Amino acid sequence: MVMPNRVVEAQAAAGAGTEEGRRPTVVPAPAAANPELSNRPKRRTFTAGEKLRILEETDRAAGTGDIGAILRREGLYSTTLTDWRRQRAAGTLGALTPARRGPKVSPPHPLTAELAKARQENAQLRQRLERAEAIIDLQKNPRRPAARLWPEKRPRGRI
């Protein structure tokens, strides 16, 4: 009968590719990446209104630890609050909001309304001028029928 070798049994039990009887650490394979989810977290952005709201709230905080509680609730650091206060003091807080996407709406020109009014007045004056010229022509030549001067006034169906 052959005596079993304990060293060979220990290596066989540990499996192939082991060092000194230790098993390698098993690292699970990463799950298949979902294309809809980004692997990288996005940085939070605050609008100027949100920044001003938080600043007003911290300015109103009177008790000990109230500002810290607000910072913890909002997930902010005190340095962020300090930066926002500096921006508010410099008047640049509103300028840091992200620009609106899409085509930019141009403000109306101040003379647009005046131009429309002038065009309307011009059309009315042209109409008055045509009527005045027709009256003058009638006064010069009274034998000319009035129906030719104002075709829209002529009765329809009868001549």
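Colleague: How does R53 count, buried, partly exposed or exposed?
Modeller: This is a predicted model, in which local features need pLDDT of at least 70 and side-chain atom pairs count only at pLDDT 80 or more, while totals for chains, interfaces and linings use all residues. Residues are numbered from 1 along each chain as its sequence is written, and side-chain values use heavy atoms, with hydrogens and water left out. The relative accessible area of R53 is 38%. Since buried means under 20%, exposed over 50% and partly exposed in between (1.4 Å probe, protein chains only), R53 is partly exposed.

Colleague: Which residue forms a salt bridge with R53?
Modeller: A salt bridge is a side-chain nitrogen of Lys or Arg within 4 Å of a carboxyl oxygen of Asp or Glu. The closest N and O atoms are 3.6 Å apart, and the partner is E57.

Colleague: How does R86 count, buried, partly exposed or exposed?
Modeller: R86 and D83 both lie in helix α4, 3 residues apart, and their side chains meet in a salt bridge (3.7 Å, N to O). D83 is partly exposed at 38% relative accessibility. R86 reaches 56%, so R86 counts as exposed.

Colleague: Which residues are joined into one salt-bridge network?
Modeller: The model has 6 salt bridges by this rule. Those that share partners join R53, E57, R73 and E74.

Colleague: Are α2 and α4 roughly parallel or roughly perpendicular?
Modeller: The axes of α2 (residues 48-60) and α4 (residues 78-90) come within 10 Å and cross at roughly 105°. Angles under 35 degrees count as roughly parallel, over 145 as roughly antiparallel, 65 to 115 as roughly perpendicular and the rest as oblique. The two helices are therefore roughly perpendicular.

Colleague: How many charged residues take part in the contact of α2 with α4?
Modeller: Contact means heavy atoms within 4.5 Å. On the α2 side are K51, L52, I54, L55, T58 and D59, and they meet L81, W84, R85, Q87 and R88 in α4. These residues divide into 5 nonpolar and 2 polar, and the charged ones number 4.

Colleague: Is F46 buried or exposed?
Modeller: F46 sits in the loop between α1 (6-14) and α2. Leaving aside residues up to four places away in sequence, F46 touches K51, I54, L76 and W84. With a relative accessible area of 18%, F46 is buried.

Colleague: What separates the C-alpha atoms of T92 and A48?
Modeller: T92 lies in the loop between α4 and α5 (112-140) and is partly exposed at 35% relative accessibility. T92 and A48 are 44 residues apart along the chain, and their C-alpha atoms are separated by 9.7 Å.

Colleague: How many helices does the protein have?
Modeller: Helices (H or I, at least four residues) and strands (E, at least two) are DSSP runs, numbered from the N terminus. The pattern along the sequence is α-α-α-α-α. Of the 159 residues, 11% count as buried. The strands come to 0 and the helices to 5.

Conventions. Axes are lines fitted to C-alpha atoms, for helices over the stretch in contact, and angles run from 0 to 180 degrees between N-to-C directions. Ala, Val, Leu, Ile, Met, Phe, Trp, Tyr, Cys and Pro count as nonpolar, Asp, Glu, Lys and Arg as charged, and the others, Gly among them, as polar.
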